[in-house]
Amino acid sequence: MSSARVTQEKRMGKKVKKEVEPPPKDVFDPLSIESKKAATVVLMLNSPEEEVLAKACDAIYKFASKGDENKVTLLSLGAVEPLFKLVSHEDPLVRRNAIMVFGIMASNNDVRKLLRELDVTNSVIARLAPEEDIVVHEFASLCLAHMAVEYTSKVQIFEQGGLEPLIRLLSSPDPDVKKNSVECIYHLVQDFQSRAAVRELNAIPALLELLKSEYPVVQLLALKTFGVISNDRETRIILRENQGLEHLFKILETKEFNDLHVEALAVVANCLEDVDTMQLIQQTGGLKKLLSFAEMSTIPDIQKNAAKAITKAAYDPENRKILHEEEIEKCLITLLGTDNDGAKAAASQAISAMCENLASKDAFGIQGIPQLVQLLSSENEEVKEAAAIALANLTTGSPSNASAVAEAEGIEPLINVLSAKRDGTVANAAAVLTNMAMQEPLRLSIHGVMNAIVEPLQSTNSLVQSKAALTVAALGCDADARTELRIASGLEPLVKLLHSKNDEVRRNACWAVMVCASDELTAVELCRLGALDILEEINLSTGRKNNFSEGALDKLLDNNLSQKYSQMGYLSSSNIITDGFYDYGQVKPGVKLLSLEELSIQELNDHRAIILVNAKLPEVSLSAEDKSQDLYYGRTTSSSSIRKSSKERTSAVVSPVEEKQDSSGRSPSSLSKSSTREKGSRFVADKMGGPIERDKLHEFSWELHISEIEFELKCNVVPIGKIKKGTFYHRALLFKVIADRIGIGCSLVRGEYGRAWNEVKLVDDSPQGITGLLLPPQMYIVDLMYQPGCLMKQGSAEADHYQRI
């Protein structure tokens, strides 16, 4: 810190008066020695004569004062070690001149390093004693101020009791001593132990007195010291009790002190964290002055520090209430329009803090949001990030503010900053888009986000990953958005996030996968990328599974029924089989199910045939007289033409489900014992080789028939419409397909050794003599092999025999 504004008067010309007695006769007369060699003068530091020592120190002081190069020269000549001995010399003049040399030489880094090695702090601190000359105080405190810049010396000064004499010297009549002492204290209080000690040693009143100094450099150092120590609440209380706020506001109200305003505001900012101080400032009118001062100032640093003061204060709910009462929103909106990037960023941060107050959040929405949206296009990364954070806080839980962002044409800038350099900018821009997507009209107006979100999904920052996944979850409920993400190759990084060790990232990724798995194409792609295996692993871990991991797994399977049936061996009545479904058979754990295209191009093998369903309903009107419809299913294919649309048509007449009302007028939602089920069962049996006698099941050579079809098609994929002789699992699949087409609730269950069956819920008739009694539905197994159309109650011996060999 420059001392240009402090008196430059030095006391080198002043000599200590001593009574000199005549020299004895046997003493050699004084010899005057002059030298222009620094090395010679350094040698004189080892003289036993006090006058020689004093003059040598004087000469070295003048030489060192000329520049840093001379200090290095003296260091290389070995001047520091003998000077160190002279700092504690019994002769006051020698002691004074030696400490003066130390004071100026300590500004050099290499010299300080040697001083630390020599452990000079204790000797220098001793020179701060009250009985020492003011000049000694000045240069001893200067030496300590230089050394206190480095941590090791800070510790030494504190541990060796240097703080107490430095605080005492704050009241010295000499401005240089004050300046050096407060500068040293400023460096020391960077450490929390020294901050507490300053408070305990009652240094605050003396520091406040320095604010009245006629030397700006002393005032500035005192303010900088207050800026550090006022971070502690206990210090702020003492400062308030000693009318410290009055001193600070006097400085702020004095135009001549404009070079001190920035540091004064920093201290006020710390003080405003306390509600008691905030209330005191409000009651005395100081808060209005402060806000007016910030709003009217044209000095960027003052505007920035004023906004920072508001930010600190706004962390407390009571303070936010007070600030809102003083219409802080107008001041901050004004600061958003300044020309200084630092002030804009600070104002944005203050708005973020004030958003915790709902009234303030609403107040900012009208005028603040358009300005914040503009700041998203700033070339300054700090401004961009602060604006994004403010918008994220403003739109959280506020549909009106989210709409205001859209009205301010904020969608495109938000999408653009998803590729910004700062992680905070990206994360908060994603959060704003998520908040907007909560409203369907806004969500439908957001286009292009899924392309831009791919990069944030690949970020290494967990906050960015989490917010990006949440954005996918919010926007992925629209089919176009899911398609956009899939085409942009965004599913792969999303699946990788399922591996995250961060709970929030993993949770949001599961949520996004659950939403994106809402259509078959995306669900199939997610499975191909390994999402299924990862989700299964997550759900097996009590520590890693979450509210969305199980839902994501279910959704993934429900929209990829081929995978679900192969893996789970079960399709519920709500799982409707559609075109492209194929039964691969049971998949072993850890084995991925290949796609239909991949399976179709495999060489013919002796593995179980893959059964393909490709059903389409003809466009015919159903009348009350003729409730028949054609069921088209099956596709003739070969390994080279599986993707072509040539179809084999098999026609069947089946009756749709008839709604039957009971005496209460209620239509049962479960399947009733009707001709619909019986006709469907018989149709399936007829198409698959007819009923089979139980004791002749082993003679039913369906395997050969299937092999012939595979050989004919030269493909392992067999359309179900080609099968004329089918066993349990062929028939159960066909029945499920038909039931799904005509609205019969029916599940498909895979058993062991080629067994499969259909389960339907039936409502039994009321017991005889009781009318209007609704009984709970019972589960039945549909016989498709032995007595087509027959129902077997779940759990009965007959059903058990059907399900097992």
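Asp478 is buried, at 17% relative accessibility, where buried means under 20% relative accessible area, exposed over 50%, and partly exposed in between (1.4 Å probe, protein chains only). Asp478 forms a salt bridge with Arg443, their closest N and O atoms being 3.0 Å apart; a salt bridge is a side-chain nitrogen of Lys or Arg within 4 Å of a carboxyl oxygen of Asp or Glu. Asp478 lies in the loop between helix H31 (462-475) and helix H32 (479-487), and Arg443 in helix H29 (residues 440-445), so the pair ties together parts that are 35 residues apart in sequence. Helices (H or I, at least four residues) and strands (E, at least two) are DSSP runs, numbered from the N terminus. Arg443 is buried as well, with a relative accessible area of 12%.

This is a predicted model, in which local features need pLDDT of at least 70 and side-chain atom pairs count only at pLDDT 80 or more, while totals for chains, interfaces and linings use all residues. Residues are numbered from 1 along each chain as its sequence is written, and side-chain values use heavy atoms, with hydrogens and water left out. The chain has a mean pLDDT (the predictor's confidence in each residue, from 0 to 100) of 84, and 86% of its residues reach 70 or more. Over residues 7-20, pLDDT stays under 50, and the model has 23 contacts beyond four places in sequence for them, a contact being heavy atoms within 4.5 Å.

The structure holds 30 salt bridges in total. Lys545 and Glu550 form one of them, with the closest N and O atoms 3.7 Å apart. Here Lys545 is partly exposed at 36% relative accessibility, and Glu550 is partly exposed at 42%. Elsewhere, salt bridges that share partners join Arg95, Arg127 and Glu132 into one network. Within it, the closest N and O atoms of Arg127 and Glu132 are 3.0 Å apart, and both of these residues are buried.

Lys564, in helix H38 (residues 561-568), is a buried lysine at 13% relative accessibility. Its side chain makes a polar contact with the side chain of Asp558 (2.7 Å). A polar contact is a pair of N or O atoms within 3.5 Å; within protein, one must be able to donate a hydrogen and the other to accept it, and residues adjacent in sequence count only if both atoms are side-chain atoms. Beyond four places in sequence, Lys564 also touches residues including Tyr570, Leu571 and Asn575.

In helix H26 (residues 399-407), the buried residues are Asn401, Ala402, Ser403, Ala404 and Val405. Their cover includes helix H24 (358-375), helix H25 (381-395), helix H27 (411-416), helix H28 (423-437) and H29. Just after H26, Glu409 takes a positive phi of about 55 degrees.

Strand S3 (residues 610-613) runs parallel to S4, joined by three bridges, and Ile611 has Val718 in S4 as its bridge partner.

Terms used:
Two strands pair if DSSP finds at least two bridges between them.
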